[in-house]
Each structure stands twice: as C-alpha cells, then as structure tokens.
Amino acid sequence: MSDGAGNGVHRVAIFTDEPGWHGARLRAAFAARGIEACYVSLHDCRLDLSCGTHGIVMPGFASTLPAGVFVRGVPGGTLEQVTFRLGILHALKALGIPVYNDAHAIERTVDKSMTSFLLQHAGVPTPPTWVTESAAEARAVVRREGAAGREVVIKPLFGSQGTGLRRLAAGMDIPGMEHYRHVCYLQRYIESGDGRWHDHRVFVIAGKAVAAMLRRGASWVNNVAKGGRCEALELTAELAHLAESATQAVGADYTGVDIVRGEDGRLWVIEVNGIPAWKGLQGVAQLDVAEALVGDFLRRYLDHGHVRGLEAVC
C-alpha cells in the first residue's frame, strides 16, 4: 500500500486489532470525506530512534506518519507491552499528531479505580467504591456493607463487557485474589429493579451527549455481550448533564457512559468507557455515530493544517 507521501491524499490510522463492524463504519465515514483510513495494530508499531526525525515506525506509513489516529483498541498483554503501546500514543501526540481518544483519556477510563476517583472528586454521583490489594480489607468491606443490608460488586480493575463481575452479599467471601490480578475493586451494588434490570448508555462526543439507549439485561449484568437488549431512549437533560460531566471528569474526546437509576430514582454513573462500542446503540438511534465521530475528529483536529503527517528523514 502506498504511504501517501507527496500525492496530496489525506491519510489517517485507525488503531485496532479487529476492525470488524466498527472499523468498517469508521473507514467508510472517512472515505466519504475523501480521507483514506488504514487499520494499524499497536502490536505492530515500534520505535527506531536510529533513523528519521520522529522514530515511530507504523505499518502502512513508510515515510510519513498519519495526519491523525483514531483509537479503536489497545491490545492487552504484559504490563510492559501495554505501557509501550500507550507510550506510542503519547509519543504521537507529543509530535503533534492528533490522537482520538488520547492515551491520557484511555488510561483514566481503562483503570476503573482512577475513573471512580475522578468522578468522585468532580462531584459526579457514582457509587461508593473501594480498591485494595488486601484480601482482609476487601472482606471487611463486604462485611460492613452486608451488615447494612447492601451488596457490593467485585470487578476486574481492567475489563469490559461485563466480564468477571460478581455480586457479593452478607456472608459471602471474595473470590480468590488471583482471579482479579490481586487487586480488589469493589463498588456498592445499585439495584435497578429485581427482575427488571436495566441501565442507560449515553454516548458523548466533543463534550455533548448525542445519543442514548436503554439496556435491559437477562440478569443484573446489562451488557449487550451478556445478552442485554437495546431499546431507544429519550436523551433527557438529566441524563445528558450527568454523562457530559462524567466525560469532562476523565478528559476524553468521546465516551460511552453507563448510568443506573436506582429504585429510589437517583442516577449513578457506573463506568465511563474511553473506547466504547456502539453497534447496539446504532441499532436504536437515528444518529450515524461513526459519521458523528469522524466529523468531530476532523473538524476539531484536522481542519487547521494537520493534513499530511510528519515526514521522515532517512
């Protein structure tokens, strides 16, 4: 594939290991605006500081870096691998290449403990949360909450799509710490209606809530990956304000914000997703989400000279 240098073609990279439906939608939205989008895995990127002015080597971009990058996925791996892959995103931004969402936003949202911390300190209503490496402290939290008639949810610190979630009630022990990589993230369980489990997913772009859906779960875990059903939902001012405040707290360009309304009517932000999927949302929303994302990315980051990429000298 040509790297596009010198031919006037605007080219961007979509970081993903599995383009699938989302990658195809994004690439089509870029193409509709005359921009070529190339799929790139962060796994295949490297640094070569012996040559050129920038030192970042990306497949498909031989003599120039992309005009911008859209992050659809950061591959998992060892701590060193993930740190290096996020370091590539940091380095690209340091070179003036727009990164959407950038590494800072991804770090704040992939780490549930930091998300909860930022929400709490921004005054965004989020359930009481405890994070510890001590199994004894985690058990004490479960006992205290249980004695008050409440349950907690234990979650992997890094994880998505409802994987690894368990509810713990009075008298229950925590799972083995090794199942959660020796970090216990515990969050007070908010009951949305026994047998009528549901939550809200609000999509935020450029600080504005643009679409929402209701997810009804086959169990208390409402994620689509776990069998949740998506329904159209009116985006009320209350939901919009809460999702926008949560997005501002983590400093992201775009997010999918998960909100639960408790049986008492109060709304709580449960999670903020910095690399959100939107296939389920697209099925019930009128907005073309990929087009809106690409439009915002180009309007805010590529309309003022960021059109060709950084030339290498080698």
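**Entry 1: strand E11**

I began with a definition: buried means under 20% relative accessible area, exposed means over 50%, and partly exposed lies in between (1.4 Å probe, protein chains only). I also noted that helices (H or I, at least four residues) and strands (E, at least two) are DSSP runs, numbered from the N terminus. This is a predicted model, in which local features need pLDDT of at least 70 and side-chain atom pairs count only at pLDDT 80 or more, while totals for chains, interfaces and linings use all residues. Residues are numbered from 1 along each chain as its sequence is written, and side-chain values use heavy atoms, with hydrogens and water left out.

How many residues of E11 are buried? I found eight of the eight, so E11 is largely enclosed by the rest of the structure. His198, His200, Val202 and Val204 point one way from the strand, and Asp199, Arg201, Phe203 and Ile205 point the other way.

**Entry 2: the partners of E11**

Next I looked at pairing, where two strands pair if DSSP finds at least two bridges between them. E11 runs antiparallel to E12, and eight bridges join them. Isoleucine 205 stands opposite lysine 208 in E12. The two strands, E11 and E12, form a hairpin with two residues between them, and alanine 206 in the turn has a positive phi of about 55 degrees.

E11 also pairs with strand E14 (residues 254-261), in the antiparallel sense and over six bridges. There I saw arginine 201 opposite aspartate 258.

**Entry 3: two residues of E12**

Is arginine 215 buried or exposed? Arginine 215 sits in strand E12 (residues 208-216), and it counts as buried because its relative accessibility is 4%. I then checked its polar contacts (pairs of N or O atoms within 3.5 Å; within protein, one must be able to donate a hydrogen and the other to accept it, and residues adjacent in sequence count only if both atoms are side-chain atoms). The side chain of arginine 215 makes one of 2.8 Å with that of aspartate 199 and one of 3.1 Å with that of aspartate 258.

Contact means heavy atoms within 4.5 Å. Not counting residues up to four places away in sequence, alanine 212 touches Arg201, Val202, Leu233, Leu235 and Leu281. From alanine 212 to aspartate 258 I counted 46 residues in sequence and 9.9 Å in space, C-alpha to C-alpha.

**Entry 4: the cores**

A nonpolar core is a set of buried Ala, Val, Leu, Ile, Met, Phe, Trp, Tyr and Cys residues joined through side-chain atoms within 4.5 Å. Which residues touch the most other members of the largest one? Of its 26 residues, they are Phe30, Phe70 and Leu293. The elements giving two or more residues to this core include strand E1 (10-15), helix H1 (20-31) and helix H8 (289-301). H8 gives the largest share, seven residues. Another core, of 21 residues, lies apart from it, with Ala243 and Val272 among its members.

For phenylalanine 70, leaving aside neighbours within four places in sequence, my list of contacts includes Ala13, Leu26, Phe30, Tyr100 and Leu293.

**Entry 5: the open sheet**

I traced an open sheet of four strands in the order E2-E1-E5-E6, with parallel pairing. E2 and strand E6 (99-100) stand at the edges with a single partner strand each, so one side of each is left without a neighbour in the sheet. E1 and strand E5 (residues 69-71) run parallel, joined by three bridges. Alanine 13 has valine 69 in E5 as its bridge partner.

**Entry 6: helix H5**

Which residues of H5 are buried? They are Ala135, Ala138, Ala140, Val141, Val142, Glu145 and Gly146. Their cover includes strand E7 (129-132) and strand E10 (184-188). Serine 134 caps the N-terminal end of H5, with a side-chain oxygen 3.3 Å from the backbone nitrogen of alanine 136. Just after H5, glycine 149 takes a positive phi of about 80 degrees.

**Entry 7: confidence**

Last, I checked pLDDT, the predictor's confidence in each residue, from 0 to 100. The mean for the protein chain is 88, and 88% of its residues reach 70 or more. Over residues 1-9 the pLDDT is below 50.
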